Amino acid sequence: MTIAHYMDPEQTSFSELYKFKRGSRGPKGYRGYTIPLEVPLIEEVTKKPSKALNGSANRDGLMEIFWSPFSVLLVFVPLGAYSASHWEDGWTFILNFIALLPLAKILGDATEELAVAIKNDAVAGMLNATFGNVVEMMITVNTLRATRMPVAQRTDVVKCTLLGSILSNLLLVLGMSFCFGGLTKVKVQAATTIVGGEKEQKFAMKGVTMSMGLLTFCCMSFALPTLFAQGYQNHLGDLLDVSRNGSLLLGSAYLAFLFFQLVSHKQTLETEEGELKDAEDEENEERPPLSIWLSVSMMIVVTVVTDLISDYLCESINGVTENINVAFLGTILLPIAGNACEHLGAVRFAMDDKPGLAVGIAVGSSTQVALFVVPFAVIVGWLLNVPMTLDFGPVNTAVIFFSVLLATVLMSDGRSHWLKGYLLMLAYTFIAVLFWNLPPKMDE
C-alpha cells in the first residue's frame with residue numbers, strides 16, 4: 001500500500017492534499033455522516049486548540065475513518081489469526097488476505113492524520129513515503145524469512161509481488177482513472193477540455209515526466225543484473241554484489257527524488273498544478289486532524305497487527321502455490337491487499353476531475369515501490385542471508401519495461417481520455433493472462 005500521491009511533485013500544499021484524500025472517504029463522511037463545520041480551517045488554526053476541540057476533532061476523525069464499508073472486513077482479523085493454527089493453508093491465505101484490506105486502509109488514514117498534524121510539508125512527505133509502503137515492506141520481510149518455503153520460492157514471490165505492485169498502479173489504476181474520468185460529466189472546468197462534447201482531462205506534466213524518468217532508470221537497474229545473470233549463470237556471488245550495490249544506488253536516487261520535490265524545486269512544481277484547479281474548488285472546510293498521540297497510537301497498534309497478519313499470510317503461501325501459479329499469485333493477487341483502498345481513491349479523484357491526484361497516486365506509488373521497496377527487499381535479504389537479487393528474469397524485465405514505455409507514451413501530451421485508459425487496462429489484463437499460464441521456473 002502507498003500514500004505516494006502526497007509525494008507527487010505536481011501537487012500543491014500538504015494540507016490541501018489531505019483535504020482531497022479525505023474526500024475519498026466521502027464528501028460527508030461515510031453513509032451520510034455529516035462532519036461539523038464550525039471548526040476553523042486547518043490553515044487557520046494558529047492557536048493551541050482546547051481539550052474540548054481536540055476531543056471533538058478526534059471523535060469526528062475516528063468516526064470518519066472507521067465508518068466505512070471496509071471496517072466490516074475487520075472481522076477477518078481474528079478469523080485469520082485463528083486459522084493459522086487450526087485450519088489448512090488455503091483458508092489461512094484467504095482470510096488473512098481479506099484482513100489486510102481494512103488494516104492497510106486504517107494505517108494509511110492514521111499516517112495521513114499524523115502527517116497533517118505535524119504541519120510541515122517536508123516531514124509529512126517523508127513520513128508518508130516511509131509508512132505508505134508498510135504493508136508491502138511487511139509482506140517482503142515475512143516472505144523472505146518464511147521457513148516453510150524454499151529459498152528460491154521466497155525470492156520469486158517477493159519479486160513478483162513488487163513487480164505486481166508497480167504494474168497494478170501503472171496500468172490498472174491509471175487505466176481505470178483515465179477511462180472512468182473520461183466518461184463522467186465535467187466537474188472542474190480548469191482540468192478538462194471539451195471539443196464538440198468530447199471530453200479530455202488535463203494534468204501537470206513536470207512531475208509526471210520526472211517520475212517516468214525515474215521508472216525508466218529503475219527498468220535499467222533491473223535489466224542490467226538480469227542480463228548479467230543470463231550471461232554468467234555460475235557467478236551468484238558477483239550477481240549479489242551487483243544487486244546490493246545497485247540497490248544502494250537506487251536508494252540514493254530515491255533520497256534525491258525526495259529532496260528535489262520537497263525542497264529544491266517545490267515551488268516550481270506547485271505552480272503548474274495550480275493552473276489546473278478551479279478557484280471554488282479550494283473553498284471546502286475541513287475539521288482539524290487527529291491529535292498526534294492518537295495518530296501515533298493507531299499506527300503502532302495497526303502496524304503490529306498488520307505484521308502478524310502478513311506473517312500468517314506469507315507462511316500459508318507454500319500450501320496455496322500447489323494449486324495457483326506462484327507468478328500469478330505474487331504479481332496479480334498479493335498487490336491487491338496493500339493497494340485496494342488507494343486504487344479506489346485514485347479512480348474517484350479522476351471521476352471528480354482531479355486527474356493530477358489520480359496520476360499522483362498511480363505513477364507516484366509505482367515510483368516509490370521501484371526506488372524504495374525493491375532496494376529495501378534486497379538489503380533485507382542481505383541481512384537475513386537470503387540471496388535476494390535484482391535479477392527479475394527476462395519475462396518480468398520485459399513486462400515492466402514495456403509497461404513503463406506504454407504509460408510514458410500515453411501520458412506524454414498531458415491529456416487523458418477513456419481510450420488511453422482502456423489500452424492500459426488491456427495491457428494489464430494481457431499480463432495477468434501471461435502470468436496465469438507461465439510455466440513453473442520458466443522465468444528463473
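## Cysteines

C218 is buried, at a relative accessible area of 1% (buried means under 20% relative accessible area, exposed over 50% and partly exposed in between, with a 1.4 Å probe and protein chains only). The closest cysteine sulfur to that of C218 belongs to C219 and lies 7.1 Å away, too far for a bond. C160 also counts as buried, at 6% relative accessibility. The structure holds zero disulfides, a disulfide being a pair of cysteine sulfur atoms within 2.5 Å.

## Basis of the model

This is a predicted model, in which local features need pLDDT of at least 70 and side-chain atom pairs count only at pLDDT 80 or more, while totals for chains, interfaces and linings use all residues. Residues are numbered from 1 along each chain as its sequence is written, and side-chain values use heavy atoms, with hydrogens and water left out.

## Overall composition

The chain contains 16 helices and three strands; these are DSSP runs numbered from the N terminus, helices being H or I of at least four residues and strands E of at least two. Of its 444 residues, 58% count as buried. Among contacts between residues at least 6 apart in sequence, 84% join residues at least 24 apart, where contact means heavy atoms within 4.5 Å.

## Packing of α8 with α9

Two packed helices are described by the angle between their axes and the distance between the axes. For α8 and helix α9 (residues 236-264), the axes come within 10 Å and cross at roughly 175 degrees. Axes are lines fitted to C-alpha atoms, for helices over the stretch in contact, and angles run from 0 to 180 degrees between N-to-C directions. α8 and α9 are therefore roughly antiparallel (over 145 degrees; under 35 counts as roughly parallel, 65 to 115 as roughly perpendicular and the rest as oblique).

On the α8 side the contact includes M210, S211, L214, F217, C218 and F222. Residues of α9 in the contact include D238, L239, V242, L250, F257 and F260. By class, this contact has 14 nonpolar, three polar and one charged residues. Ala, Val, Leu, Ile, Met, Phe, Trp, Tyr, Cys and Pro count as nonpolar, Asp, Glu, Lys and Arg as charged, and the others, Gly among them, as polar.

## Packing of α8 with α15

Helix α8 (residues 206-231) also packs with helix α15 (residues 394-411), at an angle of about 160 degrees and with the axes 10 Å apart. That angle makes α8 roughly antiparallel to α15. Among the residues that meet are V208, M212, L215, C219 and F222 in α8, and P394, I400, F401, V404 and M411 in α15. The residues of this contact divide into twelve nonpolar, five polar and no charged.

## Individual residues

T367 lies in helix α14 (residues 355-383) and is buried, with a relative accessible area of 1%. Not counting residues up to four places away in sequence, T367 touches S211, L214, L215, F257 and F372. L100, in helix α4 (residues 89-118), counts as buried at 0% relative accessibility. Leaving aside neighbours within four places in sequence, L100 is in contact with I139, T306, I309, S310, L313 and A337. The C-alpha atoms of L100 and G80, 20 residues apart along the chain, are separated by 9.7 Å.

N385 lies in the loop between α14 and α15 and is exposed, with a relative accessible area of 68%. Most residues other than glycine have a negative phi. N385 is not a glycine, yet has a positive phi of about 60 degrees.
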